[in-house]
Amino acid sequence: MMENRNLDTERLHLRALQSTDSAFVGELIAHEEVRRFLGGPVPIAQREAVMAGCLASADGEIVWLVEAKNSRQRLGLISISYHRDGQDRELSYQFHPGAWGFGYATEAARRVLDYALKELQLDRLIAETQSANAASRRLLERVGMREAARLHRFGAEQLIYVS
């Protein structure tokens, strides 16, 4: 079982989700821009179940809340979970638009990738993103991941990146 350990970077604190984070998670999963390349906003009828799933991570899954170290402002979510291929572990993230453009997602992804490879001793981590999501593609490339495959899923071309 993977442990949800707190992680820190120069500017960020990554910690386990708490019930007090549910309003923030609800805002993220309902946000049109945040969910643009993630299948759209989660429908109201499914939000409670999705939020509960984030709080009670499944075995082999870690979900962190990313917050600014100095202010404790909530910025986004980042996770490691099983990819739909059933073999690989996947790096996923979603950040609030107010946190975009400051390098927070890159900083958090770099730290989680390092944790996964060095401390959890995973052989590799993958990430899946739509080819149309240029910002996510740049982030994955900045943290040293490379494109390994293209496929059509969820009504769009998807890229699989590998560490």
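Trp-64 is buried, its relative accessible area being 0%; buried denotes under 20% relative accessible area, exposed over 50%, and partly exposed the range in between, with a 1.4 Å probe and protein chains only. The model is predicted, so local features need pLDDT of at least 70 and side-chain atom pairs count only at pLDDT 80 or more, whereas totals for chains, interfaces and linings use all residues. Residues are numbered from 1 along each chain as its sequence is written, and side-chain values use heavy atoms, with hydrogens and water left out.

The structure holds 2 aromatic pairs. Rings of Phe, Tyr and Trp (for Trp, the six-membered ring) pair if their centres lie within 6.5 Å; planes under 30 degrees apart count as stacked, over 60 as edge-to-face, and the rest as tilted. One of the pairs joins Trp-64 and Tyr-115 in an edge-to-face arrangement, with 5.8 Å centre to centre and 85 degrees between the planes. Trp-64 lies in strand S3 and Tyr-115 in helix H3, so this pair ties together parts that are 51 residues apart in sequence. Helices (H or I, at least four residues) and strands (E, at least two) are DSSP runs numbered from the N terminus. Tyr-115 is likewise buried, with a relative accessible area of 3%.

## The largest nonpolar core

A nonpolar core is a set of buried Ala, Val, Leu, Ile, Met, Phe, Trp, Tyr and Cys residues joined through side-chain atoms within 4.5 Å. The largest one has 31 residues, and those with the most contacts inside it are Leu-14, Trp-64, Ile-78, Leu-91 and Phe-95. Two or more residues are given to this core by each of strands S2 (12-16), S3 (62-68), S4 (74-82), S5 (89-95) and S8 (156-162), and by helices H3 (104-119) and H4 (134-142). H3 provides the largest share, 8 residues.

Contact means heavy atoms within 4.5 Å. Not counting residues up to four places away in sequence, Leu-14 touches Arg-5, Asn-6, Leu-7, Trp-64, Leu-65, Val-66, Ile-78, Ala-108 and Val-112.

## The second core and Met-51

A second, separate core comprises 12 residues, among them Val-25, Ile-29, Met-51 and Val-63. Met-51 belongs to helix H2 (residues 44-55) and counts as buried at 17% relative accessibility. Apart from neighbours within four places in sequence, Met-51 is in contact with Ser-22, Val-25, Gly-26 and Ile-29.

## The largest pocket

On a 1 Å grid over the protein atoms alone, a pocket is an open set of points where a 1.4 Å probe fits, with protein on both sides within 12 Å along at least five of seven lines; lining residues have an atom within 4 Å of a point. The largest pocket has a volume of about 1500 Å³, the volume being the space filled by probe spheres set on the points, which are joined across faces, edges and corners. Of the 48 lining residues, Arg-35, Leu-38, Ser-92, Tyr-93 and Gln-94 are the closest to the centre of the pocket.

The elements giving two or more residues to the lining are H2, S4, S5, H3, strand S6 (126-130) and H4, with the largest share, 6 residues, coming from S5. By type, the lining divides into 23 nonpolar, 16 polar and 9 charged residues; Ala, Val, Leu, Ile, Met, Phe, Trp, Tyr, Cys and Pro count as nonpolar, Asp, Glu, Lys and Arg as charged, and the others, Gly among them, as polar.

## Loop residues

Most residues other than glycine have a negative phi. Arg-72, although not a glycine, has a positive phi of about 65 degrees; Arg-72 lies in the loop between S3 and S4 and is partly exposed at 44% relative accessibility. Phe-154 also has a positive phi, of about 60 degrees, without being a glycine. The loop between strand S7 (146-153) and S8 holds Phe-154, which counts as exposed at 55% relative accessibility.

Glu-33 sits in the loop between helix H1 (22-30) and H2 and is partly exposed, with a relative accessible area of 47%. Beyond neighbours within four places in sequence, Glu-33 is in contact with Pro-97 and Trp-100. The C-alpha atoms of Glu-33 and Phe-95, 62 residues apart along the chain, are separated by 10.0 Å.

Arg-111 lies in helix H3 and is buried, with a relative accessible area of 15%. Residues up to four places away in sequence aside, Arg-111 touches Arg-5, Leu-7, Asp-8, Thr-9 and Glu-119.
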